[in-house]
Amino acid sequence: MTGRDAVLELLCEPLPAACARAASARLLELAAEELAGLVPPGGGLEACATCRRLVLYATGVPAARGKALAAAFPRLLARLDLPGSRAWEGSGFRFPRPVRGLAALHGDRPVAFAAAGLRSGRFTEGHEALGPRRVKLACAEKYFSALGHASVLVRETERLAAMRGALEAASRRMKLRVEAGGEALAACLYLAEYPVPVVSGFPQRLLELPPERLRAAMLALRFFPVTDQAGRLQPYFAAFRDGVSKGQREVEEGFRAALEAALSPSAR
Amino acid sequence: MDFQDMIFRLDRYWARQGCALLPPGGAARPGAPASLAGAAGRRGLPPDGLEGVYRYRVLLSPAPAAARRLFLDSLRAAGLDRSEHDLRWPAFEDGPRAGAGPGWDVLLDGLPLARFSYLLPASGPAGAEIELSLERLALAAQRRKDAASLAWAGRLTYGELHAGEAA
(Lines give C-alpha, C1' and ligand atoms only; values in the text may rest on other atoms or scores of the structure.)
Protein backbone atom coordinates (compact mmCIF):
# COMPACT_ATOMS: atom_id res chain seq x y z
CA MET A 1 0.00 0.00 0.00
CA THR A 2 1.56 3.27 -1.03
CA GLY A 3 1.42 6.25 1.30
CA ARG A 4 -0.41 9.53 0.95
CA ASP A 5 1.14 12.89 0.17
CA ALA A 6 1.77 15.47 2.88
CA VAL A 7 1.84 19.24 2.70
CA LEU A 8 3.01 21.95 5.08
CA GLU A 9 2.23 25.60 4.37
CA LEU A 10 3.34 28.62 6.35
CA LEU A 11 1.37 31.75 5.41
CA CYS A 12 3.03 35.03 6.30
CA GLU A 13 3.12 38.74 5.55
CA PRO A 14 5.03 39.58 2.34
CA LEU A 15 8.63 38.42 2.44
CA PRO A 16 11.51 40.23 0.73
CA ALA A 17 12.12 38.47 -2.61
CA ALA A 18 15.63 37.32 -1.70
CA CYS A 19 14.34 35.93 1.57
CA ALA A 20 11.55 33.92 -0.11
CA ARG A 21 14.09 32.38 -2.48
CA ALA A 22 16.45 31.49 0.37
CA ALA A 23 13.59 30.15 2.49
CA SER A 24 12.52 27.71 -0.19
CA ALA A 25 16.05 26.33 -0.56
CA ARG A 26 16.59 26.13 3.20
CA LEU A 27 13.27 24.37 3.75
CA LEU A 28 14.17 21.65 1.26
CA GLU A 29 17.60 21.19 2.82
CA LEU A 30 16.15 20.82 6.32
CA ALA A 31 13.29 18.62 5.17
CA ALA A 32 15.77 16.15 3.71
CA GLU A 33 17.18 15.77 7.25
CA GLU A 34 14.01 15.99 9.34
CA LEU A 35 11.84 13.79 7.14
CA ALA A 36 14.58 11.34 6.20
CA GLY A 37 12.89 8.37 7.83
CA LEU A 38 9.37 9.38 6.88
CA VAL A 39 9.54 9.69 3.13
CA PRO A 40 10.35 6.37 1.46
CA PRO A 41 13.09 6.22 -1.17
CA GLY A 42 10.41 6.23 -3.87
CA GLY A 43 8.79 9.37 -2.40
CA GLY A 44 9.86 12.90 -3.15
CA LEU A 45 10.30 16.20 -1.37
CA GLU A 46 9.55 19.54 -2.93
CA ALA A 47 9.81 23.02 -1.42
CA CYS A 48 8.45 26.18 -2.98
CA ALA A 49 7.73 29.73 -1.96
CA THR A 50 5.79 32.80 -3.01
CA CYS A 51 6.02 36.22 -1.41
CA ARG A 52 3.36 35.13 1.11
CA ARG A 53 3.85 31.41 1.66
CA LEU A 54 6.45 28.78 2.22
CA VAL A 55 5.44 25.25 1.23
CA LEU A 56 6.84 21.77 1.69
CA TYR A 57 5.30 18.88 -0.24
CA ALA A 58 6.19 15.25 0.40
CA THR A 59 4.91 12.39 -1.69
CA GLY A 60 4.22 8.85 -0.53
CA VAL A 61 4.38 9.27 3.25
CA PRO A 62 3.12 5.98 4.79
CA ALA A 63 -0.11 6.19 6.79
CA ALA A 64 1.63 5.14 10.00
CA ARG A 65 3.94 8.17 9.84
CA GLY A 66 1.26 10.84 10.37
CA LYS A 67 2.17 11.38 14.01
CA ALA A 68 5.84 11.65 13.18
CA LEU A 69 5.00 14.49 10.77
CA ALA A 70 3.31 16.37 13.61
CA ALA A 71 6.61 16.29 15.48
CA ALA A 72 8.83 16.93 12.46
CA PHE A 73 6.98 19.93 10.98
CA PRO A 74 7.38 22.35 13.93
CA ARG A 75 10.99 21.25 14.41
CA LEU A 76 11.66 21.94 10.76
CA LEU A 77 10.13 25.41 10.92
CA ALA A 78 12.00 26.27 14.10
CA ARG A 79 15.31 25.43 12.42
CA LEU A 80 14.78 27.68 9.37
CA ASP A 81 16.81 30.55 10.86
CA LEU A 82 16.38 32.93 7.91
CA PRO A 83 18.19 36.27 7.68
CA GLY A 84 16.27 39.06 9.39
CA SER A 85 14.29 36.64 11.59
CA ARG A 86 12.84 37.95 14.85
CA ALA A 87 10.19 36.96 17.36
CA TRP A 88 6.81 38.53 16.53
CA GLU A 89 4.75 36.97 19.33
CA GLY A 90 5.32 35.30 22.68
CA SER A 91 6.12 31.73 21.53
CA GLY A 92 9.75 32.54 20.71
CA PHE A 93 9.33 31.42 17.08
CA ARG A 94 11.49 33.57 14.81
CA PHE A 95 10.70 34.53 11.22
CA PRO A 96 11.51 37.54 8.99
CA ARG A 97 7.86 38.70 8.88
CA PRO A 98 4.82 37.90 11.04
CA VAL A 99 3.36 34.44 10.42
CA ARG A 100 -0.42 34.45 9.85
CA GLY A 101 -1.36 30.84 9.21
CA LEU A 102 -0.24 27.21 9.26
CA ALA A 103 -1.80 24.45 7.19
CA ALA A 104 -0.61 20.87 7.33
CA LEU A 105 -2.20 17.74 5.92
CA HIS A 106 -1.22 14.13 5.46
CA GLY A 107 -3.59 12.81 2.85
CA ASP A 108 -6.97 14.11 3.99
CA ARG A 109 -6.02 14.25 7.67
CA PRO A 110 -4.82 17.45 9.33
CA VAL A 111 -1.37 17.24 10.91
CA ALA A 112 -1.86 18.98 14.23
CA PHE A 113 0.93 21.03 15.79
CA ALA A 114 1.53 24.51 17.12
CA ALA A 115 4.17 27.06 16.11
CA ALA A 116 4.47 30.84 15.96
CA GLY A 117 1.56 31.13 18.40
CA LEU A 118 -0.75 29.41 15.87
CA ARG A 119 -2.29 25.95 15.53
CA SER A 120 -2.09 24.16 12.22
CA GLY A 121 -5.25 23.24 10.35
CA ARG A 122 -6.68 22.63 6.90
CA PHE A 123 -7.36 26.27 5.99
CA THR A 124 -5.29 28.71 4.00
CA GLU A 125 -5.94 31.93 2.08
CA GLY A 126 -6.20 32.59 -1.62
CA HIS A 127 -4.79 35.58 -3.47
CA GLU A 128 -4.94 38.74 -1.39
CA ALA A 129 -6.54 40.76 -4.23
CA LEU A 130 -9.63 38.55 -3.89
CA GLY A 131 -10.13 39.74 -0.33
CA PRO A 132 -9.84 37.75 2.88
CA ARG A 133 -10.99 34.46 1.32
CA ARG A 134 -10.35 31.28 3.30
CA VAL A 135 -9.61 28.17 1.29
CA LYS A 136 -10.40 24.78 2.79
CA LEU A 137 -7.96 22.08 1.76
CA ALA A 138 -9.70 18.72 1.26
CA CYS A 139 -6.46 16.74 1.06
CA ALA A 140 -2.76 17.26 0.52
CA GLU A 141 -2.95 15.93 -3.03
CA LYS A 142 -5.29 18.77 -4.00
CA TYR A 143 -3.21 21.52 -2.38
CA PHE A 144 -1.72 23.00 -5.57
CA SER A 145 -4.97 22.83 -7.54
CA ALA A 146 -6.99 24.37 -4.66
CA LEU A 147 -4.56 27.29 -4.51
CA GLY A 148 -4.57 27.53 -8.31
CA HIS A 149 -8.35 28.02 -8.19
CA ALA A 150 -7.78 30.78 -5.63
CA SER A 151 -5.39 32.57 -8.06
CA VAL A 152 -2.15 31.47 -6.44
CA LEU A 153 0.54 29.71 -8.47
CA VAL A 154 2.53 28.21 -5.62
CA ARG A 155 5.31 26.55 -7.59
CA GLU A 156 8.10 28.74 -8.91
CA THR A 157 8.20 26.60 -12.07
CA GLU A 158 4.51 27.31 -12.72
CA ARG A 159 4.93 31.05 -12.22
CA LEU A 160 8.00 31.12 -14.43
CA ALA A 161 6.24 29.17 -17.19
CA ALA A 162 3.22 31.50 -16.95
CA MET A 163 5.46 34.56 -17.17
CA ARG A 164 7.45 33.22 -20.12
CA GLY A 165 4.28 32.18 -21.94
CA ALA A 166 2.67 35.58 -21.38
CA LEU A 167 5.71 37.47 -22.65
CA GLU A 168 6.01 35.24 -25.71
CA ALA A 169 2.33 35.81 -26.47
CA ALA A 170 2.81 39.58 -26.06
CA SER A 171 5.82 39.46 -28.43
CA ARG A 172 3.78 37.65 -31.06
CA ARG A 173 0.84 40.01 -30.68
CA MET A 174 3.02 43.12 -31.04
CA LYS A 175 5.25 41.55 -33.71
CA LEU A 176 8.14 42.82 -31.58
CA ARG A 177 10.46 41.20 -29.07
CA VAL A 178 10.14 41.47 -25.29
CA GLU A 179 13.62 41.35 -23.76
CA ALA A 180 13.19 38.98 -20.85
CA GLY A 181 16.41 37.32 -19.79
CA GLY A 182 16.45 34.62 -17.15
CA GLU A 183 17.85 36.95 -14.52
CA ALA A 184 15.20 39.63 -15.09
CA LEU A 185 12.44 37.04 -14.91
CA ALA A 186 13.92 35.46 -11.80
CA ALA A 187 13.85 38.89 -10.13
CA CYS A 188 10.07 38.98 -10.66
CA LEU A 189 9.44 35.45 -9.43
CA TYR A 190 8.71 36.38 -5.83
CA LEU A 191 6.85 39.63 -6.47
CA ALA A 192 3.53 38.15 -7.48
CA GLU A 193 1.53 35.08 -6.47
CA TYR A 194 -0.37 35.24 -9.76
CA PRO A 195 1.60 37.18 -12.37
CA VAL A 196 -0.63 38.82 -14.97
CA PRO A 197 1.07 40.53 -17.93
CA VAL A 198 0.68 44.24 -18.57
CA VAL A 199 1.94 45.92 -21.74
CA SER A 200 2.25 49.66 -21.66
CA GLY A 201 3.99 52.39 -23.60
CA PHE A 202 5.94 55.56 -22.94
CA PRO A 203 6.36 58.83 -24.88
CA GLN A 204 8.44 58.58 -28.04
CA ARG A 205 10.67 61.42 -26.81
CA LEU A 206 12.12 59.17 -24.09
CA LEU A 207 13.73 57.07 -26.84
CA GLU A 208 16.17 59.96 -27.28
CA LEU A 209 17.72 58.99 -23.93
CA PRO A 210 20.71 56.61 -24.01
CA PRO A 211 19.34 53.07 -24.48
CA GLU A 212 21.34 51.78 -21.52
CA ARG A 213 19.67 54.35 -19.25
CA LEU A 214 16.22 53.35 -20.49
CA ARG A 215 16.99 49.67 -20.01
CA ALA A 216 18.41 50.23 -16.51
CA ALA A 217 15.34 52.24 -15.43
CA MET A 218 12.99 49.55 -16.72
CA LEU A 219 14.91 46.71 -15.11
CA ALA A 220 15.02 48.57 -11.78
CA LEU A 221 11.23 48.74 -11.91
CA ARG A 222 11.04 45.07 -12.95
CA PHE A 223 9.74 46.06 -16.39
CA PHE A 224 10.86 44.38 -19.61
CA PRO A 225 12.07 46.45 -22.58
CA VAL A 226 10.53 45.86 -26.00
CA THR A 227 12.67 45.95 -29.15
CA ASP A 228 12.21 45.44 -32.87
CA GLN A 229 13.85 42.47 -34.58
CA ALA A 230 17.06 44.52 -35.00
CA GLY A 231 17.26 45.09 -31.23
CA ARG A 232 16.25 48.78 -31.30
CA LEU A 233 14.19 49.87 -28.30
CA GLN A 234 10.54 50.63 -28.98
CA PRO A 235 8.32 52.93 -26.89
CA TYR A 236 6.72 50.00 -25.06
CA PHE A 237 7.46 47.78 -22.13
CA ALA A 238 5.99 44.66 -20.57
CA ALA A 239 5.54 44.05 -16.86
CA PHE A 240 3.60 41.90 -14.44
CA ARG A 241 0.93 42.86 -11.99
CA ASP A 242 -0.14 40.62 -9.16
CA GLY A 243 -3.60 39.14 -9.44
CA VAL A 244 -6.80 39.57 -11.36
CA SER A 245 -6.77 41.48 -14.63
CA LYS A 246 -9.67 43.84 -13.92
CA GLY A 247 -8.78 47.50 -14.33
CA GLN A 248 -5.86 46.78 -16.63
CA ARG A 249 -5.85 50.36 -17.96
CA GLU A 250 -5.28 51.92 -14.53
CA VAL A 251 -2.32 49.62 -13.98
CA GLU A 252 -0.85 50.36 -17.41
CA GLU A 253 -1.10 54.10 -16.77
CA GLY A 254 0.40 53.78 -13.30
CA PHE A 255 3.34 51.73 -14.58
CA ARG A 256 3.90 54.27 -17.36
CA ALA A 257 3.90 57.12 -14.82
CA ALA A 258 6.37 55.18 -12.64
CA LEU A 259 8.74 54.80 -15.60
CA GLU A 260 8.42 58.45 -16.58
CA ALA A 261 9.14 59.48 -12.97
CA ALA A 262 12.23 57.24 -12.89
CA LEU A 263 13.47 58.85 -16.12
CA SER A 264 12.65 62.44 -15.21
CA PRO A 265 15.66 64.78 -14.86
CA SER A 266 14.98 65.14 -11.10
CA ALA A 267 15.35 61.38 -10.65
CA ARG A 268 18.99 61.53 -11.72
CA MET B 1 -15.74 60.67 -3.49
CA ASP B 2 -13.93 63.99 -3.09
CA PHE B 3 -10.68 64.59 -1.20
CA GLN B 4 -12.39 65.97 1.88
CA ASP B 5 -14.83 63.07 2.02
CA MET B 6 -11.95 60.62 1.71
CA ILE B 7 -10.37 62.10 4.85
CA PHE B 8 -13.73 61.89 6.69
CA ARG B 9 -14.07 58.26 5.69
CA LEU B 10 -10.55 57.39 6.78
CA ASP B 11 -11.18 59.16 10.09
CA ARG B 12 -14.40 57.22 10.64
CA TYR B 13 -12.79 53.93 9.59
CA TRP B 14 -9.80 54.24 11.92
CA ALA B 15 -11.93 55.56 14.78
CA ARG B 16 -14.05 52.38 14.41
CA GLN B 17 -10.85 50.36 14.74
CA GLY B 18 -10.22 52.00 18.10
CA CYS B 19 -7.86 54.79 17.07
CA ALA B 20 -8.04 58.16 18.80
CA LEU B 21 -8.27 60.83 16.09
CA LEU B 22 -5.68 63.56 16.11
CA PRO B 23 -6.56 67.11 15.11
CA PRO B 24 -5.03 68.13 11.74
CA GLY B 25 -1.28 68.38 12.09
CA GLY B 26 -1.31 66.79 15.54
CA ALA B 27 2.01 65.13 16.32
CA ALA B 28 1.55 61.37 16.56
CA ARG B 29 4.64 59.98 18.22
CA PRO B 30 5.70 56.34 18.25
CA GLY B 31 5.31 54.88 21.71
CA ALA B 32 2.04 56.73 22.31
CA PRO B 33 -0.15 54.93 24.86
CA ALA B 34 -3.02 54.53 22.37
CA SER B 35 -3.63 53.94 18.67
CA LEU B 36 -3.86 57.25 16.84
CA ALA B 37 -4.90 58.38 13.38
CA GLY B 38 -5.23 61.60 11.47
CA ALA B 39 -4.49 63.61 8.34
CA ALA B 40 -1.74 66.20 8.15
CA GLY B 41 -0.30 68.53 5.53
CA ARG B 42 3.43 69.00 5.23
CA ARG B 43 5.28 71.95 3.82
CA GLY B 44 7.98 71.45 1.24
CA LEU B 45 8.79 68.14 -0.35
CA PRO B 46 8.73 65.46 2.33
CA PRO B 47 11.70 63.10 2.45
CA ASP B 48 9.61 59.93 2.76
CA GLY B 49 9.42 59.29 -0.99
CA LEU B 50 5.64 59.61 -1.08
CA GLU B 51 3.91 61.92 -3.50
CA GLY B 52 2.15 65.14 -2.49
CA VAL B 53 2.04 67.03 0.78
CA TYR B 54 -0.97 65.45 2.47
CA ARG B 55 -0.45 62.37 4.56
CA TYR B 56 -2.76 60.15 6.52
CA ARG B 57 -0.87 58.74 9.45
CA VAL B 58 -1.92 55.82 11.63
CA LEU B 59 -0.13 54.51 14.70
CA LEU B 60 -1.34 51.15 15.96
CA SER B 61 -0.15 50.51 19.46
CA PRO B 62 -0.04 47.56 19.88
CA ALA B 63 -0.33 46.31 16.30
CA PRO B 64 -3.16 43.77 15.96
CA ALA B 65 -2.43 40.59 13.96
CA ALA B 66 -4.71 41.95 11.25
CA ALA B 67 -2.87 45.29 10.92
CA ARG B 68 -2.11 44.78 7.22
CA ARG B 69 -5.68 43.68 6.56
CA LEU B 70 -6.98 46.78 8.36
CA PHE B 71 -4.79 48.92 6.13
CA LEU B 72 -6.12 47.19 2.99
CA ASP B 73 -9.70 47.62 4.20
CA SER B 74 -9.05 51.32 4.90
CA LEU B 75 -8.20 51.77 1.21
CA ARG B 76 -11.57 50.32 0.28
CA ALA B 77 -13.27 52.57 2.83
CA ALA B 78 -11.55 55.51 1.12
CA GLY B 79 -13.04 54.58 -2.26
CA LEU B 80 -10.32 52.42 -3.84
CA ASP B 81 -11.48 49.31 -5.66
CA ARG B 82 -8.58 47.02 -4.90
CA SER B 83 -9.38 44.59 -7.72
CA GLU B 84 -8.78 47.33 -10.31
CA HIS B 85 -5.26 48.06 -9.16
CA ASP B 86 -1.92 46.40 -8.58
CA LEU B 87 -0.65 46.58 -5.01
CA ARG B 88 2.94 45.59 -4.35
CA TRP B 89 4.80 45.24 -1.09
CA PRO B 90 8.53 45.77 -1.68
CA ALA B 91 10.02 45.04 1.70
CA PHE B 92 12.63 46.98 3.63
CA GLU B 93 14.52 45.99 6.72
CA ASP B 94 14.76 48.09 9.88
CA GLY B 95 14.06 51.81 9.41
CA PRO B 96 16.57 54.49 10.41
CA ARG B 97 14.74 55.68 13.56
CA ALA B 98 15.26 53.92 16.87
CA GLY B 99 12.60 51.24 17.29
CA ALA B 100 11.61 51.34 13.61
CA GLY B 101 11.47 47.73 12.43
CA PRO B 102 10.93 46.15 9.03
CA GLY B 103 8.09 47.03 6.71
CA TRP B 104 7.07 47.75 3.14
CA ASP B 105 6.97 50.64 0.71
CA VAL B 106 3.54 49.95 -0.70
CA LEU B 107 3.22 50.63 -4.44
CA LEU B 108 -0.11 51.28 -6.12
CA ASP B 109 0.16 50.53 -9.85
CA GLY B 110 3.92 50.96 -9.52
CA LEU B 111 3.72 54.34 -7.74
CA PRO B 112 4.46 55.02 -4.06
CA LEU B 113 1.23 54.93 -2.04
CA ALA B 114 2.23 54.27 1.55
CA ARG B 115 4.88 53.16 3.96
CA PHE B 116 3.91 50.47 6.44
CA SER B 117 6.44 49.81 9.21
CA TYR B 118 6.45 47.77 12.34
CA LEU B 119 7.64 49.52 15.47
CA LEU B 120 9.68 47.37 17.78
CA PRO B 121 10.10 48.97 21.18
CA ALA B 122 12.84 47.71 23.50
CA SER B 123 10.11 46.12 25.60
CA GLY B 124 6.44 45.43 25.04
CA PRO B 125 4.46 44.40 21.98
CA ALA B 126 5.18 45.56 18.44
CA GLY B 127 3.30 48.53 17.06
CA ALA B 128 2.67 49.53 13.46
CA GLU B 129 2.92 52.86 11.69
CA ILE B 130 1.26 53.67 8.38
CA GLU B 131 1.96 56.79 6.32
CA LEU B 132 -0.32 57.15 3.34
CA SER B 133 -0.12 59.67 0.51
CA LEU B 134 -3.61 61.15 0.31
CA GLU B 135 -2.90 62.62 -3.13
CA ARG B 136 -1.90 59.23 -4.56
CA LEU B 137 -4.95 57.55 -3.06
CA ALA B 138 -7.28 60.30 -4.33
CA LEU B 139 -5.77 60.17 -7.83
CA ALA B 140 -6.55 56.46 -8.04
CA ALA B 141 -9.95 56.66 -6.36
CA GLN B 142 -11.07 59.62 -8.50
CA ARG B 143 -9.32 58.27 -11.65
CA ARG B 144 -7.48 61.53 -12.26
CA LYS B 145 -4.03 62.04 -13.74
CA ASP B 146 -2.92 65.21 -11.96
CA ALA B 147 -3.48 66.44 -8.44
CA ALA B 148 -4.73 69.87 -9.56
CA SER B 149 -7.84 68.32 -11.10
CA LEU B 150 -8.79 66.36 -7.96
CA ALA B 151 -12.17 67.27 -6.52
CA TRP B 152 -11.50 68.64 -3.04
CA ALA B 153 -15.01 69.45 -1.84
CA GLY B 154 -17.95 69.64 -4.22
CA ARG B 155 -16.90 71.79 -7.16
CA LEU B 156 -13.76 73.14 -5.48
CA THR B 157 -10.66 71.46 -6.90
CA TYR B 158 -7.29 70.73 -5.30
CA GLY B 159 -5.72 73.06 -7.87
CA GLU B 160 -8.02 75.98 -7.00
CA LEU B 161 -7.45 75.49 -3.29
CA HIS B 162 -3.68 75.53 -3.66
CA ALA B 163 -3.43 78.17 -6.42
CA GLY B 164 -0.50 80.52 -5.90
CA GLU B 165 1.21 78.30 -3.33
CA ALA B 166 4.86 77.44 -3.81
CA ALA B 167 5.47 73.75 -4.48
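Q: What makes strand S1 and strand S6 of chain A a pair, and in which sense do they run?
A: Two strands pair if DSSP finds at least two bridges between them. Strand S1 (residues 4-12) and strand S6 (residues 99-106) of chain A have 7 bridges, so they count as paired, and their sense is antiparallel. One of the bridges links Ala6(A) to His106(A) in S6(A).

Q: What kind of model is this, and how is it numbered?
A: This is a predicted model, where local features need pLDDT of at least 70, side-chain atom pairs count only at pLDDT 80 or more, and totals for chains, interfaces and linings use all residues. Residues are numbered from 1 along each chain as its sequence is written, chains are lettered from A and ligands numbered from 1 in the order written, and side-chain values use heavy atoms, without hydrogens and water.

Q: Why do S2 and S7 of chain A stand at the edges of their sheet?
A: The open sheet has 5 strands in the order S2-S3-S1-S6-S7 (chain A). Strand S2 (45-49) and strand S7 (109-110) each have a single partner strand, so one side of each lacks a neighbour in the sheet.

Q: How do you know that S14 and S15 of chain A are paired?
A: Strand S14 (residues 224-227) and strand S15 (residues 233-242) of chain A share 3 bridges, and the cut-off is at least two, so they pair. Phe224(A) has Ala238(A) as its bridge partner in S15(A).

Q: What is H4 of chain A called, and what does it lie across?
A: Helices are DSSP runs (H or I, at least four residues), and strands are runs of E with at least two, numbered from the N terminus. Residues 156-174 of chain A form helix H4, which lies across S12, S13, S14 and S15.

Technical notes
Contact = heavy atoms within 4.5 Å. Axes fitted to C-alpha atoms, helices over the stretch in contact; angles between N-to-C directions.
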